[in-house]
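Here is a short briefing to read beside the structure.

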Amino acid sequence: MDLVLLHAPSVWDFREEVILQGPLADVIPSTDEFEMYPIGLTSIASYLEANNYNTRLVNLAYRMLRNRRFDVAAHLRKLKAPVFGIDLHWLPHAHGALGIARLVKQVHPEAKVLLGGLSASWYHEEVIADPSVDFVLRGDSTEEPCRQLLAALREGSPLGSVENLTWKTPQGRVVSNPVTFVPANLDWIDVPAYDFMTHAVFKYRSLADFLPYLEWLRYPSTMLLNSRGCTYNCAICGGSRTGYRLVAGRSAAGMRSPEKLVADAERISSFSKAPIFMVHDPRIGGIPRAETFFDLYRKAGVPNELVIEIFFPAGRDFFDLVRRSTAAWSLQITIESPDPDIRKVNGKFPVPNTVVEDTLAAALDEGCGKLDLFFMVGLSGQTPAKALETVDYCRHLVERFGVDERLQFYAAPLGPFLDPGSRAFEDPTLGFHRRFVTLEEHRQALLGPTWREMLAYETDWMSRNEIVATTYAVGAGLNDLKFEAGLIDARTHATVARHFAVAQETFPKLDAIARLPEADRRPALEILAEQVAEANTASLVGEHELEWKTSAGLRVTWLLARHTAAALPREIAHGAARFAGRYDTAIAQVERLGLIVA
Ligand code: B12
Ligand code: SF4
């Protein structure tokens, strides 16, 4: 093994903590431990394997959630490699990523620890100051810098020439090599590298290490990565133009070509019948590029449903193109607020509501299977009353479009943190008051005790208490509206309402515990553990509300197994080639065969 890539939970070790994380993960497939790893871990691994570096991926967060007694240190002990990489891509991993880095150093003091991802890039100087971290690779494209680093370590050559690397000299001086590796397109890598994943499950004899999130086998969504970087500049987004310039040294989004995207979709359809989500508006590289993509997609006849998102209004001509090119399609639109002035400040959909509604109407008319509309609480210019208007606006949409189960609404808080490098983080004139600036402040905040303490900001228009209370009020209002309109069933409505009520009751109890002497807090918290767990799921949005219709997970597992089995002859050939001089490798091949038989 040359490199082991680890994905940590948000908090290390969350199994010993009682934290009310609330609805922070209600609108994403992960739980609030954010067990989904950055898709780029697969492209790093695939690129390195193609360059003859054995690279393994281990989703520790998934393993810990799946089995509460999973022994992380024991698992790490079994993994031997000169370098362990850990993603600190999303800032909510600040606690977990550094916790796992420290554990790796304890278990393997001789190994080097490498961190990477958007947050590690932003905080590289603070990250490298941690004694357990040896390297940080900055930027949004680290596949080639990773190869350069492994080559330099293997050959003992100077680290000064490894692009994007922050490192320490033997004397402990920190050196930040410039971020010079910022490729203009995404065609030179496999991303997402599904071929690598299906092959690696086989090669490393573990499915559990690779699974992206807890419910993946039941609900196996997959994605196409349109670009790294975005052509938009939304205030709240660390993945905006400003964000990528400041965090990753990128001046323009790097696009993946339509040809590659369609090839990715075809590859996905070979092992999965589930919907494919395309990250970023297909039109961000221009309309001709989008037309080429859909034309090729149609010719390829990909049977999977395609889920797209759009960043600016669209009409029937565009949706007609999508309809003609796909077997089925769905749409996500994040307008954040029903108030056009607030949208204008944020930077997306700065158009009147009539234009938004024309877009919705056009999509529904052109056969959109599911249309999810997202709103946010905590925006610049948003008072509690303005946020609550979201419920009235959605009622208006129900009246305008009738009870159409395809059109659904969701709200989520901006949180727990402001994205570093976003305009909200950088520009005080937008009215965000940062409570935390350093990585350490964010790391500490993740311990709660509630998501109100985690919130990294207040605004000119809302205090933290108001952001929390308003988020729940908007969520409760939408939950009732959807139920009354027949858009969700009684069970979903009751679950969300119950979790919301439990959250309301639990906040004051946790506040009271926080006032207890330190020694009395833990037993008191443990009594509340069950309540907190309830409040941490589906307190705004029902667990399955956001799922696109898909065939059963078992079918997908079977397809995955079949795809893996198809790799068998190649594996046997590899095994035979190695057999000549390597008895131990031959034994491993026999074990792999055993896996397939099983
Ligand atoms: C797609 C996406 C998602 C997908 C996840 C897809 C996935 N598995 O990667 C979904 C929708 C699930 C998602 C969820 C979340 N997201 Co998001 N997401 C994005 C989005 C739109 C694109 C990301 C992207 O282009 N990635 C491609 C590149 C940049 O990353 P990558 O290929 O995976 O990894 C490369 C580098 O980052 C680096 N790298 C990453 N990890 C490591 C590790 C090592 C060791 C090394 C060396 C390098 C390295 O090298 C990789 C290969 O070159 C961005 C916005 C944007 N325009 O960027 C937001 C963004 C990344 N998300 C963000 C956030 C906050 C979240 C959530 C925490 C939101 C929430 N509260 O629910 C969750 C966390 C989910 C989880 N972990 O479970 C913020 C991050 C800001 C920050 N610094 O923390 C962003 C910037 C904007 C935003 N607010 O949405 N997200
Ligand atoms: S929120 Fe805005 S800037 Fe961020 S990825 Fe979406 S469109 Fe781009």
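A residue counts as buried if 20 or more other C-beta atoms lie within 10 Å of its own. By that cut-off, A387, T390, V391, C394 and L397 in helix 15 are buried. The model is predicted.

**Helix 15**
- Helix 15 covers residues 384–401, 18 residues in total.
- From its first C-alpha to its last, helix 15 reaches 27 Å, close to the expected 26 Å.
- An α-helix has 3.6 residues a turn, so residues three or four places apart point the same way.
- After helix 15 comes G402, which has a positive phi near 70 degrees.

**Shell around ligand 1**
- There are 40 residues around ligand 1, and those that come nearest are S30, G40, G85, G116 and G239.
- Of the shell residues, 23 are nonpolar, 12 polar and 5 charged.
- Several elements supply at least two shell residues each, among them strand 3 (83–87), strand 4 (112–116) and helix 7 (143–155).
- Helix 1 gives the largest share of the shell, 4 residues.

**Nonpolar core**
- The largest nonpolar core holds 165 residues, and I86, I100 and L115 have the most contacts inside it.
- Helix 4 (residues 94–107) contributes the largest share of this core, 7 residues.
- Leaving aside residues up to four places away in sequence, I86 touches L6, A8, A97, I100, A101, V113 and L115.

Conventions. Residues numbered from 1 in each chain as written. Chains lettered and ligands numbered in written order. Predicted model: local features only at pLDDT ≥ 70, side-chain atom pairs only at ≥ 80, totals over all residues. Near = placed C-beta within 6 Å. Nonpolar A, V, L, I, M, F, W, Y, C, P; charged D, E, K, R; others polar. Expected span 1.5 Å × (residues − 1). Buried ≥ 20, exposed ≤ 12 C-beta atoms within 10 Å, placed from the backbone. Core = buried A, V, L, I, M, F, W, Y, C linked by C-beta atoms within 7 Å. Contact = placed C-beta atoms within 7 Å.
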